[in-house]
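Subject: Structure handover

Hello,

Here is the structure I promised to pass on. Please open it first, then read my notes below with the model beside you.

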Amino acid sequence: MRNHLATVSLLTAALLSGGALAADPGVTDTEILIGDVEPLTGPPALLGVAASIGHKIAIAEANNAGGINGRKIKYVLEDDGYVTARTIQGVKKVIEVDKVFAMLGISGSGQSIAVMPVLEKAGIPTVIDVAPVKLLWEPARKNVFVVGQSYEEGIIHLVNYLADKNPGKTWGLITQDDDYGITVRDGFDSVVKAKKLKVVYSGTYKKGQQDFSSDMLQLKESRADVFLAGGIIAENIAMMKELEKLNVKPVTGIFWPGRIEPVLKLMGPAGDGIYAVDYVEPFAGEAGKAFLEKAKPLVTEAEFKGINRYTMTGYAAAKVLIAAIERCGKTVTWACTISELEKTKNVETGVMAPISFGPGVRFSNQKLQIMQADAATLSFKPVK
Amino acid sequence: MRTGDYKQSYGELVTLIDSPPVWLWSTVLVLALVVAPYVLNAYALSFLTIILITVVGALGLNILTGYTGLISLGHVGFLLTGAYGYAVLVSKYQLPPLVGFLGAGLVPAAASLIVGAPSLRLKGLYLAITTLAFSFIINTVILEMRWLTNGARGIAVQRPEIFGVSFESDAAFTHLCLATAILTLFATLNIRRSRVGRAFVAIRDNDTAARVMGINLHAYKLLAFVTSAFITGIAGALYGIYLSFVNVEGFPFLLSIEALAILIVGGLGSALGAVLGTVLIVLLPEATRLVFSLFSAQMDAMFTTGAQELKSMLYGLVIILFLRFQPRGLVGVWHDLKRTWVNWPLRY
Amino acid sequence: MQYFLQLLISGLAIGAIYGLIAMGFAVIYKSTGLVNFAQGEMTMIVAYIAWTVSTTGSGNILVVSLAAILAAVSLGLVIERVVMRPMLGEPVFATVMVTIGLAVILRSSINFIWDAYPHGLDIGVGRGIVRVGGIGVRTGQIAVIATLLLLLAAIWAFFRYSKTGVAMRAVAADDRTALLMGISATRVHALAWAASSVIAGIGGVFFALSYDLSPAMFQLGLKAFPATILGGLDAVLGSGIGGLLIGLTENFAGGYIGSGMKEVAGFAMIIVVLMIRPFGLFGERDIERV
């Protein structure tokens, strides 16, 4: 009886620790676990599912090449339904119950800010890709790396470009009434101050608003020549169609969370020529086409349809993480992975500019590019 | 031979703990809950914390909906104002956390006075509609009062330190929630068996009769509403601390509905029901997740957005089935079980 | 003046959609005494079905409308038979909670069956723009206002003259007596669910036509609810007019006060109205003040 007990407890111990060699959780001789929490249900699934597909493509690519030094990667994905409390719980689950080795993701901006204390306490290597906002790398956290560019910088880049192209014109802006909208507004305001732009319309809309008739009418009345549409997806479509109805066509800029191709189909001719800013390659370009070619055999048909710009950001982050783990060789630990992540220098992912981190630098500061919508081909094309 | 559980005086009927075994098991349960944070992993512990916080809120709503029979469709508004009451006082004005908790109760209580005074004169769905409107309007008010609330930026909230005891760790914070939940449970149970509580129930059962017996309906309804808002506000403060960040988005309208679901699934009008309902509703997504993980091999292969949505659909289905087959709620199940246990092998 | 007229016409257009959904609420409340919290979700499902028909089958306007109406009728009947009828005789509160459970299921079925991307409903007409004196309006928006007005007239005639309409009013007024008079309450309930689903579904299809389909469309239910409170929960015609009033209030508040006010204007308005007329503008005066 006693013998049996001993065997059982040894077995349990072996199961729990997942192999005697590894000091940190989530690594066995044959496997490495990577965790993620994304909105997979409800409207925000649009970004969560796309990001997770990007992670899967990078992981499948690595696994097909034999895994990381012989270890296959297993991906553990949890749904948070875009509810902050569930994001916290989901992250605790993948860390504590599934005992993953590293994290990718994680959900929206508010959600990832809320899980920072959990990640910091756990000390788990994490690469954030979905919603890069300043609070995630200021102050820099030892184990949390962010691939992307800040919302503020993105807006500043876009507004500067539009301002140089349209000197002396009047401006209109509408933003969402949440932290995302505030960030957009902050970026906009800093350029307005620097370049002394003349703002004639400035509105906010409530998250989830569907009818923009009175807002766009006010924009029309203000006679703004340049318009920064601070909606996300459905909102930008509604605004553009409303402007079409009102027979005005200001020079319009949109921001990357709304820069997905199906938007153009819905905007129709109203969407032709709108400007967007992003740090990932457009799908219509060479790099974008190459990425789709690469992705096609690695995902299911349903997943392939779900690919959008968030798939690229997710793919890049997963590439960086996998490369760092790979450089650790046979003995994979958290400490090694974090120091290798820090040494990330000009890693090519094919979907954005080369990615680098550095000592104390936890933010990859991606290069931005301006693109313009082409209604005929329903795609965004880089602006020279 | 024991043939049943008989009460012989009114005192026996209203006593909170009526027999030594109940004493024993209650103590065991409380001890188990005190020890639990040291045993559970962080994931399981987060469920315990959420359950305890939700219990406080559900008990708050129970005073209004369960005892007094008034429906609120906007209780999330009180949760939100409670969280802001705490966050503004403690994070922004650096006041001690206890003052913050007091504010977390008083701010929603004041709001409930404004909403309740005009709308409680009438019967029926009236309060449900005004509270619904309140919960939407208060969002705009908070977003507009930037000087006080930081608007959409929200307010970061630290774990509190009370009388030199830090509640920084997850375990300690769970203890704080546990203490609050137990206090709230005792408070509501005692309200229920006092004159005030009997007046609430009289209003629920037959308001005309209650009036004839000399109960000032308007005053008592208002009292129930204000008490309910106060308790819900405390829950809001705890929820804000748990999220470590208070903003309007952390408190979606869905929470109002979920609170009502908790009361109904648990069994309307009973504090025990509120507790049981909370446990069920909070653990339901996890339970559906477990069911799904049984088929996880196939799930991983055919993983799409759709498969994830099945879980939410299952959640809705369980609520419907529950209401269909057990309209008395979990409390009904509990009473049936108790009777079967006591009378076995006889039916009666 | 042009500004005012443009606000007016946009307000009426969105208000007509609120009105149609609000009428869906009122039809169910009047005949079953329930507030249907799944109204917005039912509206959304019907619109998505119409879209599926238009993309997979024929984009012909007649085919799509017929399919949408058929789908709406079946949806209403199935929900009544499978979900609501077993709850007959249970407390109202529990029954209302059932509609909330139903709402969760329907909402999730969008991503389950379709996807989270927005889609445009294209049936060849309705997206064109008519301009009169600098005021722009989509043909679909004119159509929805006309539809609402026609439907209001038809429903008024139905309740006033048809036997079924009188039976429905009888069940609403006193279901026990109605039962004794030989009116089948379950038949009336089934009819009410089907009718509500169709009326709200029309609103949903028009919304998809003038705006777009997205999984967030169920929130229309939350916008239409104040409309039905304003018009009177038991007043089918009143709810339709309530919708127009809410649409106008929103647009004028957004156009003259500020964009932040737009989304709460409806709720602010019902609070004021309820203080003066708690039963809604057109509801039956049945207020117990104890």
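Start in chain A, with two strands that run side by side. Strand β3(A) pairs with strand β4 (residues 126-128) of chain A. The pairing is parallel and has three bridges. Find A:Leu104 and look across: its bridge partner in β4(A) is A:Val127. To get from β3(A) to β4(A), the chain passes through α4(A). This β-α-β crossover is right-handed.

Keep in mind that this is a predicted model. The mean pLDDT of chain A is 88. In that chain, 94% of residues reach 70 or more. Take care with residues 5-22 of chain A, where the pLDDT is below 50. Beyond near neighbours in sequence, that stretch has eight contacts in the model.

Back to β3(A). Strand β1 (residues 31-38) of chain A pairs with β3(A) too, in the parallel sense and over three bridges. Here A:Ile34 has A:Ala102 as its bridge partner in β3(A). Which residues of β3 (residues 102-105) are buried on each side? A:Ala102 and A:Leu104 are buried on one side, and A:Met103 and A:Gly105 on the other. Both faces of the strand are therefore covered, as a residue counts as buried with 20 or more other C-beta atoms within 10 Å.

Now step into the loop between β3 and α4 of chain A, where A:Ser107 lies. Is A:Ser107 buried or exposed? A:Ser107 is buried, because 32 other C-beta atoms lie within 10 Å. Leaving out residues up to four places away in sequence, A:Ser107 touches several others, including A:Val37, A:Glu38, A:Asp80, A:Tyr82 and A:Val130. A:Lys165 is another matter: 58 residues from A:Ser107 in sequence, with the two C-alpha atoms 35 Å apart.

Compare that with A:Lys121, in helix α4 of chain A. A:Lys121 counts as exposed because it has 12 C-beta neighbours inside 10 Å. Its C-alpha atom is 37 Å from that of A:Val191, 70 residues away along the chain.

Next, the places where chains meet. Between chains A and B, 24 residues of chain A are in contact with 20 residues of chain B. On the chain A side, α2 (45-64), α3 (84-96), α4 (109-122), α6 (179-195) and α11 (301-305) each supply at least two residues. The most come from α3(A), with seven residues. By class, that side of chain A has 11 nonpolar, five polar and eight charged residues.

Chains B and C also touch. The contact takes 35 residues from chain B and 34 residues from chain C. On the chain B side, α6 (126-144), α10 (207-212), α12 (254-266) and α15 (305-325) each give two or more residues. The largest share, 13 residues, comes from α15(B). This side of chain B has 21 nonpolar, seven polar and seven charged residues.

Last, the inside. In soluble globular proteins, nonpolar side chains tend to be buried together. The largest nonpolar core here has 323 residues. The members that touch the most others are A:Leu321, B:Leu238, C:Val46, C:Ala47 and C:Ala50. Helix α1 (residues 2-32) of chain C gives the most to this core, with 16 residues. What does C:Ala47 touch, not counting residues up to four places away in sequence? The list is C:Gly204, C:Val205, C:Phe207, C:Ala208, C:Leu213 and C:Met217.

Best wishes

Notes
Residues numbered from 1 in each chain as written. Chains lettered and ligands numbered in written order. Predicted model: local features only at pLDDT ≥ 70, side-chain atom pairs only at ≥ 80, totals over all residues. Contact = placed C-beta atoms within 7 Å. Helix = DSSP H or I, 4+ residues; strand = E, 2+ residues; numbered from the N terminus. Nonpolar A, V, L, I, M, F, W, Y, C, P; charged D, E, K, R; others polar. Pairing = 2+ DSSP bridges. Right-handed = clockwise from strand over helix to strand, strands pointing away. pLDDT = per-residue confidence, 0-100. Core = buried A, V, L, I, M, F, W, Y, C linked by C-beta atoms within 7 Å.
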